[in-house]
Amino acid sequence: MSWNWNSHGLPFLPGYTFRDVTKSAFHRPQTLDYRNGYALPRRPTVGIGQDPLLSEELLQQEISELSFETPDVTYGSFDHSQHEDFIPAHVALNKKVLRFYAYFKEDILFSPEEEYRVRPVVIYYYLEDDSMCIIEPTVENSGIPQGKRIKRQRLPKNERDEHYQWKDLNLGMDLKVYGVKYHITQCDPFTKEFMESEGIVLNDPEQMPVDPYSKHRKNVLPSFTTPSEFDRMQQFLTMDRKVLRFFALWDDADPLYGDTRSVTIQYYLVDDTVEIREVHESNSGRNHFPILMRRQRLPKKIKSETFPTCVLEVSKEDVDEFYSPKDFQVGQTMKLMGRRFLLCDCDGFTKDYYLKNHPDVTMKPTEVTKKVDMLQGRKKEVPPYNGFGSLEDSLQNCLSLIPKPPKKNVQKMLENDHKVLRYSARLDSQNPADEGRRFILSYFLSNDMISIFEKPTCNSGIISGKFLEKTCIHKPGSTVEHPEFYSPADFAIGATVEVFGHRFVLTDADHYVLTYLESNSSQIPSQTLDSIRQKLRVETANIHPADQNGENIIAEPSS
């Protein structure tokens, strides 16, 4: 409210006040602030439309009286007035809910078993905005739509647009909402503490009445059905997923090329059916038909008077007796559907079942001699190497039908990438034309492969260039099962390397070869190291004219 009405000296009476027509701002100041996601109250400093608050303005006479008064701070205690901070209701009463337990009665019109039902509900009263909601707890398999009956809202109290307040609620009272009367019986401890702190005396709590229909359903009704001699439903409930399993031998030696086969006979206790499955062995050469006889009830005794022998299918009316668990005895031979089966053994569940239900049945397991597999102890022989491809690639054709590439040592390939040991060699041959031929033998450390390059010789009549591509060369005398390949330890000066029928004698080596072998001297024989050292030291001591002209000892093969 504006304070300008007193500036004219007129009394604050109707007809003596005048509004400020120049004023255009009428918004209220904010009293709530958010800091770090939390709502905090803030005391307003101005009024509506940025007008000063009435509590902060004093009359001139009060200011003068305060200025001439002697302060008594030095001479005595001074009572400072404590101003409490303004806290809005939606902040002070946030998430504070009163909970009452109640019930209402629902009339049942057309039912001879019940007249009404007692349906419990929970009433929630939210203090921050005086709203209420009523929720009915759900009962499993009740058949009644339950849950939220009235959503959160302010419930009308009467026809004068009044709403229910927390002061109107108490234990033992009837709350009438939208034509339904809810009787409040109890409340939770927080509600009781809040109501007592506000000076409201709660009535004594009441017990929730028992629903007569629910009580009637809990009572066991007397059964007047006469129990039959054999109850199929009881058999299904007690014997479901319980199977007797027997290990047997099917004697099929009568026909031509007959044999004795292993089978499993399964007796299902839930419906007294029998199923026979054949046990197949690997590489037996037989078709994999696991079910020898489908699951069915096996007739044991057939009515001979009415059943003709030409009929293939047997109905229940034509059978006097079916096979039962008593007919299956371990150690005896039984005939099922014209086939002879020797019951050799059974599983643990079957043994426990017979000990508990049929203790008079004798169980004598029979040991079955197993056939000796002639191919089991046979060692697989690897055929000799045919010379096509590498030794590892050819071996993969003997290991699987679809050959796979041999595995590579990736770590060795990464560590020794672009590392090559080069040797100079000559061809050891009986042919006089091969005496002047010179070769460069390169050993790749990344994959243990060898390549041979022939140096050009003037007027030799032999085409120089690539003599052997990169490949793994095995030592003479090694087998296909345990191949041995050439390694840097075998390449000594003067040693002979046999490559696919050609003999090469190493005559020289590169300086990098000596550096690599000395760094791995623990894996290299001393004879190999000494031969290379002796050769390279002699070449280093002697200054050859060829070196001065810019020629190398070992020429690099052309790519």
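**Ground rules**

I number residues from 1 along each chain as its sequence is written, and my side-chain values use heavy atoms, with hydrogens and water left out. Since the model is predicted, I ask for pLDDT of at least 70 for local features and 80 or more for side-chain atom pairs, while totals for chains, interfaces and linings use all residues.

**Entry 1: the sheet with β3**

I looked up an open sheet of six strands and found antiparallel pairing in the order β6-β5-β4-β3-β8-β7. Strands are DSSP runs of E with at least two residues, helices are runs of H or I with at least four, and both are numbered from the N terminus. Two strands pair if DSSP finds at least two bridges between them. At the edges I noted β6 (147–153) and β7 (174–177), each pairing on one side only. Neighbouring strands here are turned by 30° against each other on average, direction ignored. Axes are lines fitted to C-alpha atoms, for helices over the stretch in contact, and angles run from 0 to 180 degrees between N-to-C directions.

Strands β3 (residues 97–107) and β8 (residues 180–187) run antiparallel and are joined by four bridges. Tyr-101 has Gln-186 of β8 opposite. Helix α3 (residues 189–197) packs on this sheet and touches β3 and β8, its direction making about 110° with that of β3. Contact means heavy atoms within 4.5 Å.

**Entry 2: the sheet with β9**

Next I traced an open, antiparallel sheet of six strands in the order β12-β11-β10-β9-β16-β15. Its edge strands β12 (291–296) and β15 (333–336) each have a single partner, so one side of each is left without a neighbour in the sheet. The twist from one strand to the next averages 35°. Three bridges pair β11 (residues 273–278) with β12 in the antiparallel sense, and Val-274 stands opposite Gln-296. Helix α6 (residues 348–357) packs on the sheet by touching β9 (243–252) and β16 (339–346), at about 110° to the direction of β9.

**Entry 3: salt bridges**

I found 26 salt bridges in the structure. The test is a side-chain nitrogen of Lys or Arg within 4 Å of a carboxyl oxygen of Asp or Glu.

Arg-152 pairs with Glu-128, their closest N and O atoms being 3.2 Å apart. Arg-152 is in strand β6 and Glu-128 in the loop between β4 (116–126) and β5 (131–136), so the bridge ties together parts 24 residues apart in sequence. Is Arg-152 buried, partly exposed or exposed? I read 39% relative accessibility, which is partly exposed. Buried means under 20% relative accessible area, exposed over 50%, and partly exposed in between (1.4 Å probe, protein chains only).

Arg-340 and Asp-251 also meet in a salt bridge, at 3.3 Å from N to O. Arg-340 sits in β16 and Asp-251 in β9, so this pair ties together parts 89 residues apart in sequence.

**Entry 4: a surface patch**

Which residues form a nonpolar patch on the surface? I found Met-233, Phe-236 and Leu-237, with about 330 Å² of accessible area together. Areas come from the Shrake-Rupley method with a 1.4 Å probe, and for residues only the protein chains shown count as cover. Patch residues have over 30% relative accessible area and no salt bridge; like charges are joined within 9 Å, and nonpolar side chains (Val, Leu, Ile, Met, Phe, Trp, Tyr) within 5 Å. Phe-236 belongs to helix α5 (residues 232–239) and is partly exposed at 42%.
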